[in-house]
Structures are given as C-alpha cells and as structure tokens.
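Please look at the sequence and the structure before reading on.

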Amino acid sequence: MENTAAERRKKKLTNYRKDASPLQRKKGVGAYMRANGALYAMAIPGVLCVLLFSYVPMYGVLIAFQKYSPAKGVFGSPWVGFEQFIKFFKSPYCERLFTNTFLLGLLTILFSFPAPIILALLLNEMRSVRLKRVTQTISYMPYFISTVVVIGLLKQLLTTNGGIVNSIREMMGFLPKDFFADPQWFRPLYILSGIWSSIGYGSILYLAAISGINPELYESAVLDGASRWQQIRHITLPCIMSTVVIQLIFAVGGIVGNDYQKILLMQSPLNYSTSDVFSTFVYREGILGGSYSYSTAVNLLTSVISVVFLLLANWFAKRAGEEALF
C-alpha cells in the first residue's frame, strides 16, 4: 500500500512538472523573463519613450524650488525653498485661479461626463440599425475637428457682424451681443462646445461595455414584464457601472487639468475674471513672462492637487464597493 501511494505521488509530481509553466517549474524573475523574452523585447521601445519623454524631464521640477537662471542652469541656480509657492499664495490671482479652475472642472464633471453615457444608452435603445449608424457617425465627427476650427466656427456663429445667433436676436428685437467678451458666457460656451466635440467619441467606450452584457438578462427581464426604463435601470446601468466608475476616477483626477488650448483660444482680457485658470496662468507667466521658477511652482501645485484628487476618488470607489484603479 505504501509503495502504491508513493508511486501515485511521484506520478502526480511528474504530471505537474509537465503541465506547469516555466515560472512554476523554475521560480525566479530571471526564469520568467527568459521565458517571455520576446514580449519584453517588444516592450523596450515603448519603455524607452516613456523614460526619455516622461521621467527624464522630471528633474526640471527642481526649478520650482530655485531662483532659476538659464545661464546658470538647473544645478547652478540658487535654492530658495518654498519661496515661489508662498509668492503664489500671496498673489492676488490665487483666489481667482482656484475658483475658475475648480468651477470649470466641476461643471465638466456635472454636465460633460454624463453626456456620453446618456448618448450610449439612447443609441442602444434604437431599433433601426441604419438610423443608429447614421447617428453614431454624425456624433463622432466633431471629435476629429481641430480645436482651432471648433472655436473658429463658434466665433463665426456668435459674432456681432452677421453671426447667425445675433441675426436671430436682432429679428426678435434684441441688440447684438458679444458673447466672447462677456465673462458670464465663457463657462456655458466652454461646456457646451466640449459636449458637442466629445459626446460621440466618448460614447464608444460605454457602447462597448453595453455590448458585453449577456442578452439573456434582458430576455429574463422581458418575461418578468420589465419596461425599457426598468431594463436600463436594473440591468444596463449596473452592468456598466465599473466602466463608469473608472472613467469618473480619471475625470476627478483631471479636475484641475482643463483644456487650456481651447481656453486660450476663447480667452481675452475682457473675460479673464472667469476664464483665467492654472494652465493659462502658467503659460502667461512662464512662456510669455519668462518667470520659469514661478510658473513651474504653480504647475507642480496643480499636479499635486490632481494626484490627491485621484487618490481620494479611488479610495471612495473602493469604499463604495466598486471597481478601482488600484
């Protein structure tokens, strides 16, 4: 009996060694890398690009703690500690930048974030395949239009010299209005143009998530007498919630990372009170004003805020029992 049991154990061990992966047979990082050498070789160009263009330039954040001089360089400029940060917090622009940046970020999450989800749900409910394809194509097209062209079209529509909007206003008895010079109209124009540009392309991810839902769930719901709204509420939304949460975490993490290119195109001294954000301030102070240390300190502050918001959003997602990044 003992010999039989020993033979069985030996046979089992032999089969395990045959079926096991190289990492299981030879434990260690070296064995695993040798077994997957081709995959690592394919990843080398991408890793090098990330190192050269994302990590190596990070030494430049040192100038945020210096009184930087291009002639002396990063390692020759005198250190000033947190002087640049203190200067910013004492600046008269500090409150305005925080207010405008966070308001634009919150409005984007409140209005722009749900828009692709709603569009994806509406497209999923369409029964006409041809109409669905046409609608998708039309909604995707604005994403591929340059930001410069989008703002140019918007300015042509709203111009006081023959613009469609102001022409309609004149027909209704109102005076022409320069929307881009009015600070109160900057945020609505920014949000609406962003929704128009990205709603179609942003819905692709949610349509892909919806397509992965088991059709049997809907069939069972129909047999139970569920309406279309009840199916969306109790099947579609819960099944794509993990995708929504991941995207929301990214959106919260980028709450201070407004689209500065579009803001610069829409910005003028007349609407600075609502359009001036961290990114435009950094551009104005750093590129145009030459205050490299000061602008780097402000930009580093925004990066720290983004990381904090990302970690908080990820923590709340985990606490809520949803999918998280890590």
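## Two packed helices

H9 and H10 run roughly parallel to each other. The model is predicted. The angle between helix H9 (residues 147-158) and helix H10 (residues 164-171) is about 15°, and their axes lie 4 Å apart. Angles under 35 degrees count as roughly parallel.

On the H9 side the contact is made by Gln156, Leu157 and Leu158, which meet Ile164, Val165 and Asn166 of H10. Sorted by class, this contact has 4 nonpolar residues, 2 polar residues and no charged ones.

Helix H9 also holds Gly152. Gly152 is partly exposed, because its relative accessibility is 30%. Between the C-alpha atoms of Gly152 and Glu219 there are 48 Å in space, and the two are 67 residues apart in sequence.

## Salt bridges

The whole structure has 4 salt bridges. One of them joins the side chains of Arg96 and Asp276, at 2.7 Å from N to O. Arg96 belongs to helix H6 and Asp276 to the loop between helices H15 and H16, so this pair ties together parts 180 residues apart in sequence. Asp276 is buried, at 0% relative accessibility, whereas Arg96 is partly exposed, at 24%.

Glu125 and Arg228 also meet in a salt bridge, again 2.7 Å from N to O. Glu125 is in helix H7 and Arg228 in helix H13, 103 residues apart.

In the salt bridge of Asp182 with Lys177, the closest N and O atoms are 3.0 Å apart. Asp182 is buried, with a relative accessible area of 14%; Lys177 is partly exposed, at 25%.

Methods
Residues numbered from 1 in each chain as written. Predicted model: local features only at pLDDT ≥ 70, side-chain atom pairs only at ≥ 80, totals over all residues. Heavy atoms only, no water. Axes fitted to C-alpha atoms, helices over the stretch in contact; angles between N-to-C directions. Parallel < 35°, antiparallel > 145°, perpendicular 65-115°, else oblique. Contact = heavy atoms within 4.5 Å. Nonpolar A, V, L, I, M, F, W, Y, C, P; charged D, E, K, R; others polar. Buried < 20%, exposed > 50% of the residue type's maximum accessible area, 1.4 Å probe, protein only.
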